[in-house]
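Here are my notes on this model, point by point. Please keep the viewer open while you read.

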Amino acid sequence: MPRWSEVIKLVKITYENNEYGDPKRKSTKRQVFANKKSIRQSEFYQAAVSDFRPELMFIVRYIDYEGEEELIYNDKQYNIIRTYSTQGEFIELICQGVSGNG
């Protein structure tokens, strides 16, 4: 049974036009509970073929995930490079760190 011992922030990205009609990025963050898991060896090698470097994997409740493309964990930003639905109730979020983000 999952322990839900980690707190992550899922980040939804939208774009709104400013007063000049130029798109401006807007981030909406919300906290959810998650379980941190190790990247599977097969996941690592599959991602390398596509030039991805998976670093972390989190499992969250499927109902808590709304298609976000980014997350924040321990004040570091990650791109969600792949998702995988497991057992209907949960979804895995495979993440890669955003370079240049401390």
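1. Ile80 has Cys95 in S6 as its bridge partner. The two strands concerned, S5 and S6, pair in the antiparallel sense over 8 bridges. Pairing here requires at least two DSSP bridges between two strands. Strands are DSSP runs of E with at least two residues, helices are runs of H or I with at least four, and both are numbered from the N terminus. S5 and S6 form a hairpin with 3 residues between them. Gln87, in that turn, has a positive phi of about 50°.

2. A word on provenance. This is a predicted model, in which local features need pLDDT of at least 70 and side-chain atom pairs count only at pLDDT 80 or more, while totals for chains, interfaces and linings use all residues. Residues are numbered from 1 along each chain as its sequence is written, and side-chain values use heavy atoms, with hydrogens and water left out.

3. Now confidence. pLDDT is the predictor's confidence in each residue, on a scale from 0 to 100. The mean for the protein chain is 86, and 82% of its residues reach 70 or more. Among the elements, S4 has the highest mean pLDDT, 97. Helix H1 (residues 41-49) has the lowest, 53. Where pLDDT is low, the predicted coordinates should not be read in detail.

4. The fold. The protein chain has 1 helix and 6 strands, in the sequence pattern β-β-α-β-β-β-β. The 6 strands close into a barrel in the order S1-S2-S3-S6-S5-S4, with antiparallel pairing. The twist averages 45° from one strand to the next. That angle is taken between N-to-C directions of lines fitted to C-alpha atoms, on a scale from 0 to 180 degrees.

5. How many bridges join S1 to S2? There are 12, and the two strands run antiparallel. Lys12 stands opposite Thr28 in S2. The S1-S2 hairpin has 5 residues between its strands, and Gly21 takes a positive phi near 85° there. S2 and S3 also pair in the antiparallel sense, over 3 bridges. Lys37 has Met57 in S3 as its bridge partner.

6. S4 and S5 pair over 4 bridges, again antiparallel. Tyr73 stands opposite Lys76 in S5. This hairpin has 2 residues between the strands, and Asn74 takes a positive phi near 50°. Asp75 lies in the loop between S4 and S5. Asp75 has a positive phi of about 65° although it is not a glycine. At 70% relative accessibility, Asp75 counts as exposed; the cut-off is over 50%, with buried under 20% and partly exposed in between, using a 1.4 Å probe and protein chains only.

7. Trp4 lies in the segment before S1. Its phi is positive, about 55°, although Trp4 is not a glycine. Is Trp4 buried or exposed? Trp4 is buried, with a relative accessible area of 14%. For context, most residues other than glycine have a negative phi.

8. The core. The largest nonpolar core has 15 residues. Such a core is a set of buried Ala, Val, Leu, Ile, Met, Phe, Trp, Tyr and Cys residues joined through side-chain atoms within 4.5 Å. Those with the most contacts inside it include Ile8, Phe58, Leu93 and Cys95. S1, S2, S3, S4, S5 and S6 each supply at least two residues of this core.

9. Leu93 lies in strand S6 and counts as buried because its relative accessibility is 0%. Beyond four places in sequence, Leu93 is in contact (heavy atoms within 4.5 Å) with residues including Ile8, Leu10, Val60, Tyr65 and Leu71. The C-alpha atoms of Leu93 and Tyr65 are separated by 9.3 Å, and the two are 28 residues apart along the chain.

10. Totals. Buried residues make up 32% of the 102 residues in the protein chain. Of the contacts with a separation of 6 or more, 54% join residues 24 or more positions apart. The chain exposes about 7000 Å², and carbon and sulfur atoms supply 45% of it. Accessible areas come from the Shrake-Rupley method with a 1.4 Å probe.
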